Amino acid sequence: MQFHHYGYVSGDPRRLPALGEGIDRPEALPDEVDVLIIGTGPAGMIMAAQLSRFPHIRTRIIERRAGRLEIGHADGIQARSVETFQAFGFADRITAEAYRITEMAFWKPDPNQPDHIIRTARTPDDPKGISEFPHLIVNQARVLDYLAEAALNAPGRITPDFGYEFRGLERDDTQSYPLGVSLYAVAGPDEGRERVVRARYVVGCDGARSQVRSAIGCTLTGDQANHAWGVMDVLAVTDFPDIRTKCAIQSRSGGSILLIPREGGHLFRMYVDLGEVPADGSSTARNTPIEQIIKRANEILTPYTLDVRNVAWHSVYEVGHRLTNRFDDIEDPESGRLPRVFITGDACHTHSAKAGQGMNVSMQDGFNLGWKLGYVLSNRSPASLLSTYSAERQVVAANLIAFDRQWSTMMAKRPEEFEDPGELEAFYTRTIEFPAGFMTEYAPSMITNDTEQQSHATGFPVGKRFKSAMVSRVCDGNPLQLGHQARADGRWRLYVFADAAPADASSPIRQLAEWLESSPQSPLNAALPGGAWIDWFDIRVIYQQRHEDVAIMQVPQVFKPTVGPFELMDLENVFGVAPDEDIFDLRGIDRAGAVVVVRPDQYVADVLSLEDTGRLAAFFQRLLI
């Protein structure tokens, strides 16, 4: 963490100086805003945290509730989400209070006593080591608290406006604020009052029953599995030995349980199989009381018993898989109109909770869209950038629903219906990268290039998230994860991997540095004149030598930019290889050097050689105004 470059900081360094709209931010919801976010769920709050790093944009987020969420229904935090939390500055703190999943146990009928269950396997949660981040369980309300803190501590000082209900909207492109949003105050000092807020953009983060989705004519289409599950968060006394381990439990009766231990050491969640739901629409299963869910859980757990002492929350749901045909308000992509209204999260895609994807994918929706709105409203990118949101995230949602359909179907099977007794655990191990959040791969677009030069860094696939590795910081010798140094500050990142002889005046790394600093075609100069490039680009160089073998004062100046009003030299962007892990070998980086371009949301946008400045210039020329 860097601070003091604006002067001595005696308080919490995570609280950045207020700028723009963050200075004397109006307490009351104004009549005109740039971005109006509807809903303070995971997608809405991560978008608020991102847009708070664009403080000259007037962003407000409204919520129907009168205050913060106290008990959330989602709880699974996949590794990709923790990686994202690292960029927002709270991964370490939320990890400290969460339950960490390290393995999953599988229980099935005992061949000798089929009415009893026995443990048949223990599977590591991340057997392939796909991430250095953990798989966590923590209540959704705490995730929202941390994101709210990030939004408040950022320069924009964004806080929710509670007690407002969305009622509808109209679009009039002849006005400077094209969207008229009808709101009704259900709580607070304006309770009972109707009003219209005009906005340039609206984002619906208002859940599966989204009113914003209805307002733009989108509908969820899909199917119901006609299978009911009871879910309960409970405190109980039990002799089941794996009560603090994630478990998939299948009984002879065909009933199944997915057991998820919760944070705090005592609470746990159970998804209890309640069986088929009649196709005629009978509500019997849907109205199952908590006593019946507990009784069913005890039947499945035989010979073990479950004495529930407290129920924190419970519900009954049917597995359904639904997806909207678009994530914005443009019905005809060929019309030439550009989107003004967007939907995210459950407003776009619904599925079962057992894959632990709802909150995680929703946050990536918000992260994807947030920085794009920031760039367009800052006049740094054309409005066409916003069309990439629906194009990118709808594919992700479709893949998620296909995966969840397969996983939830397998969880509902009877043990004897599997051809291979180990099929369930094999599927869990084989597909672990998908639920962990690392299978997303964006197609070529204006912000993701083709793979023509992928060979220069094979371990950083274009379109996939930037996978971190250990390096050693030159200025102080600290071993660090390279990817962990990036923040969700809205900046593009250039990771420059030096050639083998960087000290030579004619070496590619020095030629690139000179081009970046002085060429009119450089994105640092062509699009962002006046020395302001550091606000939009984060450039880091990684040498093939150990840190002690790099003379930092001979490193080109572009890798040591001046920061703050005192024009201090930033020495923390220069790295050498780590003692025990050479990032060049680990990530397949060409020893002749390479440039890896990474988007503000941590996805690799391009890989190219040090010499191909034309490709680098062309990429940003179409993106930056």
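Author: The model is predicted. One place to begin is I542, which stands opposite F575 in β25.

Reader: How do you know that β22 and β25 are paired strands?

Author: Two strands pair if there are at least two bridges between them. Strand β22 (residues 537-542) and strand β25 (residues 574-577) have two bridges, and their pairing is in the parallel sense.

Reader: Which sheet has β22 and β25 in its order?

Author: It is an open sheet of seven strands with mixed pairing, in the order β20-β19-β25-β22-β21-β26-β27.

Reader: What makes β20 and β27 edge strands?

Author: β20 (479-481) and β27 (604-608) each pair on one side only. On average, neighbouring strands of the sheet are turned by 30° against each other, direction ignored.

Reader: Which helix packs on this sheet?

Author: Helix α13 (residues 613-621) does, touching β21 (492-497), β22, β26 (594-598) and β27. The direction of α13 makes about 160° with that of β27.

Reader: What makes D450 and R615 a salt bridge?

Author: The rule asks for a side-chain nitrogen of Lys or Arg within 4 Å of a carboxyl oxygen of Asp or Glu. For the side chains of D450 and R615 the N to O value is 2.8 Å, so the pair counts.

Reader: Why is R615 called buried, and why is D450 called partly exposed?

Author: Buried means under 20% relative accessible area, and partly exposed lies between that and the 50% above which a residue is exposed. R615 has 12% relative accessibility, so R615 is buried. D450 has 32%, so D450 is partly exposed.

Reader: What makes R193 and D190 a salt bridge?

Author: Their closest N and O atoms are 3.7 Å apart, and the limit is 4 Å, so the pair counts. R193 is partly exposed at 41% relative accessible area, and D190 is partly exposed at 25%.

Reader: Where in the chain are R122 and E103, which also form a salt bridge?

Author: R122 is in strand β6 (residues 117-124) and E103 in strand β5 (residues 103-109), 19 residues apart. The closest N and O atoms of this pair are 2.8 Å apart. R122 has 42% relative accessibility and counts as partly exposed; E103, at 26%, is also partly exposed.

Reader: How many salt bridges does the rule give?

Author: The count comes to 47. Salt bridges that share partners join D75, D233, R262, E263 and R269 into one network.

Reader: What is A500 in contact with, leaving aside its neighbours within four places in sequence?

Author: A500 is in contact with Q544, Q545 and R591. A500 and Q545 are 45 residues apart in sequence and 8.2 Å apart in space, C-alpha to C-alpha. A500 is placed in the loop between β21 and α10 (508-518).

Note on methods. Residues are numbered from 1 along each chain as its sequence is written. This is a predicted model: local features need pLDDT of at least 70, side-chain atom pairs count only at pLDDT 80 or more; totals for chains, interfaces and linings use all residues. Side-chain values use heavy atoms; hydrogens and water are left out. Helices (H or I, at least four residues) and strands (E, at least two) are DSSP runs, numbered from the N terminus. Axes are lines fitted to C-alpha atoms, for helices over the stretch in contact, and angles run from 0 to 180 degrees between N-to-C directions. Contact means heavy atoms within 4.5 Å. Buried means under 20% relative accessible area, exposed over 50%, partly exposed in between (1.4 Å probe, protein chains only).
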